[in-house]
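Subject: Structure handover

Hello,

Here is the structure I said I would pass on to you. Please open it alongside this message, and then read the notes below it.

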Amino acid sequence: MSGAEQREIDDRDVGIETFVERAEGYYAPTFERVQRGSLPRWHVNIWALLVPWAWAAARGVWLLFWLSLAIDVLALVCLMQVVKFSPLLAEAQLDAAANSTLVARYSTWVTNYGWAAAILFIGGRFWMGSSANRWYFSQYSRWRIDQAVPSGVDMKRLILGLVIVAIVAPLTTYRATQLRLDERACFNQMRAGEAVGQLMPSYGAADVTALLTSIDADIADMQTRFDALDAIDGRTEAQNAERSQLRRDVRDLSREREQVSDFQTISAVDRFDCAFIDDFPTLARLDPPADVTYRRVPNEDAIAQGDEDATKVIAQIKDPVEGRKVTVFTYSAESIDIGINKLRAQYAGFFDAMTNVLRQSLIRVEVAFMQTPWPVVAFLFLALSWAFAGKGTTVFVGASLGFLALFELWQIAMQTMALVVVSTAVCVFVGLPIGIWMAKNKYFRWITEPILDVMQTIPSLSYLVPAVAFFGISQPPAVLATVIFAMPPMIKLTALGILQVPESTKEAALAFGASERQLLRKVELPMSIPSIMAGLNQTIMLALSMATISAFIGAEGLGAIVTSALGDANAGKGLLAGIAIALVAMMIDRILKGIRNSFSRI
Amino acid sequence: MSVVELENVWKVFGERAPEAMKAIRADGIGKAEVLERFGAVVGVKDASFSVEEGEIFCLMGLSGSGKSTLVRHINRLIEPTAGTIRIMGEDIGAMKTEQLRATRADKIGMVFQNMALLPHRSVRDNIGFALELRGIDGYTRAQAADRALETVSLHGYGDRLPSELSGGMQQRVGLARALAADPEILLMDEPFSALDPLIRRNLQDEFLGLSQNLRKTTVFITHDLDEAIRMGDRIGIMKDGEIVQIGTAEDIVTAPADDYVADFVAGISRLKLVSASKIMTSVDAFAAVNGNVDLSAGCPEAAPDDDLDTLVGLSTGSDKPVLIKSDGAVVGIVTKDTLLRGLQGGEST
């Protein structure tokens, strides 16, 4: 078969001179010494020693660039601490006897920071200078495999590197020289700015000085009128009212004048500090959304026409608070609140129906668990574990049931089980088809995957609140919250299981005339059963772990004991109930694992 | 009538395949240019062949030559970009879904290199799979499966899981699955490539025996020329998606279409492949060289169809050249020189 297989000859130019572009005379022998292992530790690359970040940027050794930048900035920050505390130390030493603690503290700081700066700078530079060639060589090795790895000396990279240095280094260094900013300073600054912004147009002033002059004139004018009224003996009712009104106006205007004059005196440095080195500045302050409350009330017109149950949604708008401004966050949060309120009122029928379905099914399952005599339930558990999971697990299940019985948690545990069973059933009925669809449709998968990640990572407490808003406080919203939390693994593992079915097996089924449905039912689903069972198992575990959290919104069961123990700071009670939850979880987990294994044997 | 017929089948992979196909048609651009201009890969290039009833047609080529792609066009697991495929006279590309499924289940059986058995089903249920898809009842299925198992000499293994069987046995199950619905056509996609040489040889022999009885029209894919020669009534050699030569093993060995094929067949033993008629010299030419030698006395005789192996046997027993006789008349002469040169693969002059 010689010659039948032709090989492509690798003709890329991987020479050192192409890689380094400049100073080949230095790098060629150095790389050889690195390869031989004979490059001494004290050998330094002079450019990397002097301006490591510039060298690294120009050569495209980005990791070294960031490391050297970090070390240099750290050294600078330490040095700046010395600069910052030295004058304070000198000031304290003026009266050393009275300020002994201060002197001791400052001198320690100055010394320590001084040493740290020196060690970081000298040690860091030496390390960078001597490591540079090794790093550069390893980059050369990577470049030989993949020519997209940066090579040569590139001005654009150098400029980019210097821009990064310019953004990072000066501001950080400057921050290190400053003592902590006054907490209220920036807030006051912002308020002053707002006051000026409001007064400027109403006075029609061109600048702040002119504004101050007009305000002063106004105040003086009002003061004169007030004084005149004040001088009158036996004022009339109207005069009295005018007098107090004037006093209030003078007071308000004086306060605003204060702010305006504050605004004028704010130094450029303070402005800069507040904008760049303090907290992220508030970008926008908005008028709050209209405060609307939606209520469903009987519809009088329709009732008059004979429809007794007729209702309608009415909106009540509250007067806005004068001059209230809110941040974007508050604005959005309030808007969402209003939206939820409106949805709840608009589709009350739907939400009530859903709540009802969940409540009814929960009640049925609860009855099944709680009113089945305990020996029957216990026997079923033991029999299941015996049949599928072997002797050891049966002993464990027996012990766990004993624990529940001994601590009189039986009925409560059964309530928890009912909650878990209903939630899991919803997860399976909703999650399985979604998982199948996800496996079948790439676009749906792209949309669903991030949503599932959000469902799993968003703190469960934060969707308990909307659940309560829509469904009220009771078991049904607890089921829903549990479903949101516990469903993702069911969906993901179903999809994964189906996607894992080998292409060739599916192809064979198609070659023998399978339709899409037959392919799913006879090939894909049976072959993904282990994965689906793993998803079911995880879903159950997650549902159990939600038991405590959903107790906050009225779920009954073991979780409620934990929650109430939390309220009473009752450690023993909480711990025992917690162990009971863990035991229930482990029992179900072990039995399911047994069932799973007996499946995968086939 | 040909059972399987392919006519100018093209397959271009890629999102812009239709455009690429147009450009190929209009400008006759090559593979490299198609890749560059349309980001599309030419998988099969203008393939045409037909397979007669009961024939074993081998498609041979290296990996990546498009033979597996081509065979998947026959049961339309892959849609051709251009061209027609007819199964027993019917255009498979024009079939509706239902009809296509029926054709796949009833008329075409397929065997895969990696077996592709369903791991969660017993051997019997695997074999009955095609019947099950057609809605045949369980009892009939089991009967058919057991018959098929007997055919591939795996009687009694019906209740095992595929994972309990060895590779060779699994491939027998794969074959039984393809045979269970008694299809007219068998597509074998490198069925024995993943097996070790001894078992492969075994299965090849068994399959040859089987097909003599069953007379299934077979398209057999392989990357192994020896296997192709052993199995195939005719062989099609593929290179870069193109069928470069179609012919019997002897045609290909004695008259390779190009250097590529010649390179391929260079190492093949010609003993059993080449017949006397391919290397013999005519009586006149023999006389022209050797003068009028008396050929009547004591010359060994052979038929034109006899292979070189036979000729060697005859020739070693005698000093004289071998006479090739057809219907009692001498049609050619094979001397030791011609025989040796023929074995070597030289010209037949």
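Predicted model: local features only at pLDDT ≥ 70, side-chain atom pairs only at ≥ 80, totals over all residues.

Chain A overall

Chain A contains 24 helices and 4 strands. Its radius of gyration is 37 Å, whereas the globule rule gives 25 Å for 602 residues, so chain A is more spread out than a compact globule. Along the principal axes, the C-alpha atoms of chain A fill a box of roughly 100 × 90 × 60 Å. Of the 602 residues in chain A, 26% are buried. If you take the contacts in chain A between residues at least 6 apart in sequence, 73% of them join residues at least 24 apart.

Where chain A meets chain B

On this contact, 20 residues of chain A touch 21 residues of chain B. Two elements of chain A, helix 20 (503–511) and helix 21 (516–527), each give two or more residues to the chain A side. Helix 20 of chain A supplies the largest share of that side, with 6 residues. Sorted by class, the chain A side has 11 nonpolar, 7 polar and 2 charged residues.

The nonpolar cores

The largest nonpolar core has 162 residues, and those with the most contacts inside it are A:Leu558, A:Val584, B:Ala176, B:Ala180 and B:Val219. Leaving aside residues up to four places away in sequence, A:Val584 touches A:Ala413, A:Thr416, A:Met417 and A:Leu544. Another core, of 17 residues, lies apart from the largest one; A:Ala58, A:Leu64, A:Met128 and A:Phe137 are among its members.

Strand 3 of chain B

How many of the residues of strand 3 of chain B are buried? In this strand (residues 56–60), 5 of the 5 residues are buried, so strand 3 is largely enclosed by the rest of the structure. In a regular strand, side chains alternate between the two faces of the sheet. Here B:Ile56, B:Cys58 and B:Met60 point one way from strand 3 of chain B, while B:Phe57 and B:Leu59 point the other way, and all are buried.

Strand 3 of chain B pairs with strand 8 (residues 217–222) of chain B in the parallel sense, over 5 bridges. On strand 8 of chain B, B:Thr222 is the bridge partner of B:Met60. Strand 3 of chain B also runs parallel to strand 9 (residues 234–239) of chain B, and 4 bridges join them. On strand 9 of chain B, B:Arg234 is the bridge partner of B:Phe57.

In which sense do strand 12 and strand 13 of chain B pair, parallel or antiparallel? Strand 12 (residues 322–326) and strand 13 of chain B pair in the antiparallel sense, over 5 bridges. Within this pairing, B:Leu323 stands opposite B:Ile333 of strand 13 of chain B.

Regards

Conventions. Residues numbered from 1 in each chain as written. Chains lettered and ligands numbered in written order. Rg over C-alpha atoms; globule rule 2.2 N^0.38 Å. Buried ≥ 20, exposed ≤ 12 C-beta atoms within 10 Å, placed from the backbone. Contact = placed C-beta atoms within 7 Å. Pairing = 2+ DSSP bridges. Nonpolar A, V, L, I, M, F, W, Y, C, P; charged D, E, K, R; others polar. Core = buried A, V, L, I, M, F, W, Y, C linked by C-beta atoms within 7 Å.
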